[in-house]
Amino acid sequence: MSSVKSADAAAGAQSDDATGLVDRFMELLRQKLRSSELWFIALATLIGIIAGAMTVGLQDAAHGIQALLYGLSMSERLSTQLSLKPVQLLVLPAGGIALALFTYVVRARRRALVDSVEANALHGGQMSMKDSLIISGQTLISNGFGASVGLEAAYAQMGSGVASFVGRTMTVRRPDLRTLVGAGAGAGIAAAFGAPLAGAFYAFEIVMGAYTPSAIAPVAAACVAAVLTARGLGHHPYLIASGGSGPIDVSHYLLYVGLAALCAGLGIVLMRTISIVETLTKRARLPAWAKPAIGGALLMPLAFVTPQVLSSGHAALYLDISGGAPTKLVITVILAKCAASIVSLGFGFRGGLFFASLFVGSLFGQLYADTLFLVFGQVVVSTPHAALVGMAGLAVAVIGGPLTMAMLVLESTQNLALTGVVIVGSLVASTLVRVFFGYSFSTWRLHLRGETIRSARDVGWVRTLTAGRMMRRETRATPAKLTVAEFRRRFPLGSTSRVVLVDDFDRYQGIVVTPTAYADSVDTAAPISDLAVLSDTALRPEMDIVKVMAVFDAATADELAVVSADSKVLGLLSETYVRKRYAEEIEKNQRDLFGERQGS
């Protein structure tokens, strides 16, 4: 018996030793990640490998579902079918039912699930792995059943979700976690297109919201690793350009700028129309499970006209951009693809507009070149060139990231001259959308939920600095009905600079600057409330520091009261302290962002 106990004790001791070794190893690893840039780059590379593998897995799974449901061979693509039978199109409403069932089974929360842009802007890179799996599953079902949405949202979501999980496990700093999330998202995009530069700029422009010297190496390493991993797994990147070679006539730049301007307008119309349809479906009070099924039914006539509207449309884009499609077909596909994307997203299918904007933009560029030909009776701009400029212009208008799209074109065509005109067009489209609309598609959807962010720049720390957290507690609230004489007795000169007044129900009535009660012209028998200022101006405890500073600017006050919803005084806050805290946080974030890693 004693020998058994001794064996158990020995086994327990060995288990404790093993656990202790693991804990010590993890602690050492965390210290290395905080102190060494090389270790951090290695971690980003590992995340890139995982993101690349998951991108390949998602793409193969979606294609396999389509091949199974639509009776295609694995070498065929859904969007390049010449036609589909009505019985095949019944897959679309069935996909809506499958999506609703999946959402119910996984018990997706009613609140909006956090994506990489929102996570980096508001939560310091904090993402739920469960949320990421749900979003990716919903996107896979939507795309696999043929809804007009892209898988790019799933690629970015899974890459960034894994990055956030690993970063939180390693307890990296807030700026480093944001960098990892950007690297994971960019790696997913890079693997899909075989374009590490485009993936890196996607991370910088769209997910992180800024270029920082400390983030360049880890993001680039993750994107290169993702592309190499995808190639190693036999993945062939999306083909998006053909015939884009040859020089660009500088005199045609203004014509391409005009095309970019038209793309900006089309992008704004597309984003607004999607939000209008979403609003109408909500007002119709349709059951949550029925909306995607109805959307799938509405997609059937569009897919009957042209199957190119289905799924992402990767193969259809390459077919149209290289085959010189007739103008009538181009117009038909543009209208049908836009309508299909609007219906898909407006009725609850999950996915994004990344590839849809590339697809429609390429067709829009072809239509632009054909129109110029009809007007002038001769070839004015090259159709392949116009297609690529239109592709980048519309994608920038909808997704954002002018350099992302420029790098995508450069890596696809290897034409530096074309990249120059694409950059010009992308910047024009980006500027016009920013001026006349102000949002990309992802930030527009956040705006519709009540968020105010316009990019992925880190503003989460702003929300934690609220008036309630910064104020000093006010314990000397004074009745407003006191006479000036009594006020002087209670508050001699020099005792306090300001006094908060309240009524009989302890509601805020304003602030008295103490020296004003000692002016010779003041009637000492009058109520002190006659000298109160800012009686209609106060701060709420939930106001963030930016709103607080705006109130101070508007009131031109040195100190303001913080009051509750029922006007009860909670505390006081001075403008000097607020601006000092703001400057300290800005300096801290810049130090974390640009500072070198030091040993912990």
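Mentor: First, a definition. Axes here are lines fitted to C-alpha atoms, for helices over the stretch in contact, and angles run from 0 to 180 degrees between N-to-C directions. Also keep in mind that this is a predicted model.

Trainee: Okay. At what angle do helix 4 and helix 6 pack?
Mentor: About 165 degrees, with the axes 9 Å apart. Helix 4 covers residues 91-105, and helix 6 covers residues 129-144.

Trainee: Roughly parallel or roughly antiparallel?
Mentor: Roughly antiparallel, because angles over 145 degrees count that way.

Trainee: And is the crossing left-handed or right-handed?
Mentor: Helix 4 passes helix 6 in a right-handed crossing.

Trainee: Which residues make the contact?
Mentor: From helix 4, Gly95, Ala98, Leu99, Phe102 and Thr103. From helix 6, Ile134, Gly137, Gln138, Ile141 and Ser142.

Trainee: New topic, aromatics. How many aromatic pairs are there?
Mentor: The structure has 5 aromatic pairs. Take Phe193 and Phe354 as one of them: the ring centres are 5.5 Å apart and the planes sit at 35 degrees, so this pair is tilted.

Trainee: Where do Phe193 and Phe354 lie?
Mentor: Phe193 is in helix 8, residues 174-193, and Phe354 is in helix 15, residues 354-376. The pair therefore ties together parts 161 residues apart in sequence.

Trainee: Is Phe193 buried or exposed?
Mentor: Buried, because its relative accessibility is 6% and the cut-off is under 20%. Phe354 is buried too, with a relative accessible area of 5%.

Trainee: What about Tyr202 and Phe354?
Mentor: Their ring centres are 6.1 Å apart and their planes are at 50 degrees, so that pair is tilted. Tyr202 is in helix 9, residues 196-208, and Phe354 is in helix 15, so the link spans 152 residues. Tyr202 is buried, as is Phe354.

Trainee: Which residues do the ring pairs link into a cluster?
Mentor: Phe193, Tyr202, Phe354 and Phe355.

Trainee: What lies over the face of Tyr518?
Mentor: Arg488 does, at 5.3 Å from the ring centre.

Trainee: What does Ile334 touch?
Mentor: Leaving out residues up to four places away in sequence, it touches Val360, Leu363, Phe364 and Leu367. The C-alpha atoms of Ile334 and Phe364 are 7.1 Å apart, and the two residues are 30 apart along the chain.

Trainee: And Thr179, buried or exposed?
Mentor: Thr179 counts as buried, at 6% relative accessibility. It is found in helix 8. With residues up to four places away in sequence left out, Thr179 touches Phe40, Met208, Ala215, Pro218 and Val219.

Trainee: Last one, backbone angles. What is phi of Thr171?
Mentor: Near 50 degrees, a positive value in a residue other than glycine. Thr171 is in the loop between helix 7, residues 152-169, and helix 8. At 37% relative accessibility, Thr171 counts as partly exposed.

Trainee: What is phi of Arg285?
Mentor: Near 55 degrees, again positive in a residue other than glycine.

Trainee: Where does Arg285 lie?
Mentor: In the loop between helix 11, residues 253-283, and helix 12, residues 290-305. Arg285 counts as exposed, at 75% relative accessibility.

How values were computed: Residues numbered from 1 in each chain as written. Predicted model: local features only at pLDDT ≥ 70, side-chain atom pairs only at ≥ 80, totals over all residues. Heavy atoms only, no water. Phe/Tyr/Trp six-rings, centres within 6.5 Å; stacked < 30°, edge-to-face > 60°. Helix = DSSP H or I, 4+ residues; strand = E, 2+ residues; numbered from the N terminus. Buried < 20%, exposed > 50% of the residue type's maximum accessible area, 1.4 Å probe, protein only. Lys NZ or Arg CZ within 6 Å of the ring centre and 35° of its normal. Parallel < 35°, antiparallel > 145°, perpendicular 65-115°, else oblique. Left-handed = near helix turned anticlockwise from the far one by under 90°. Contact = heavy atoms within 4.5 Å.
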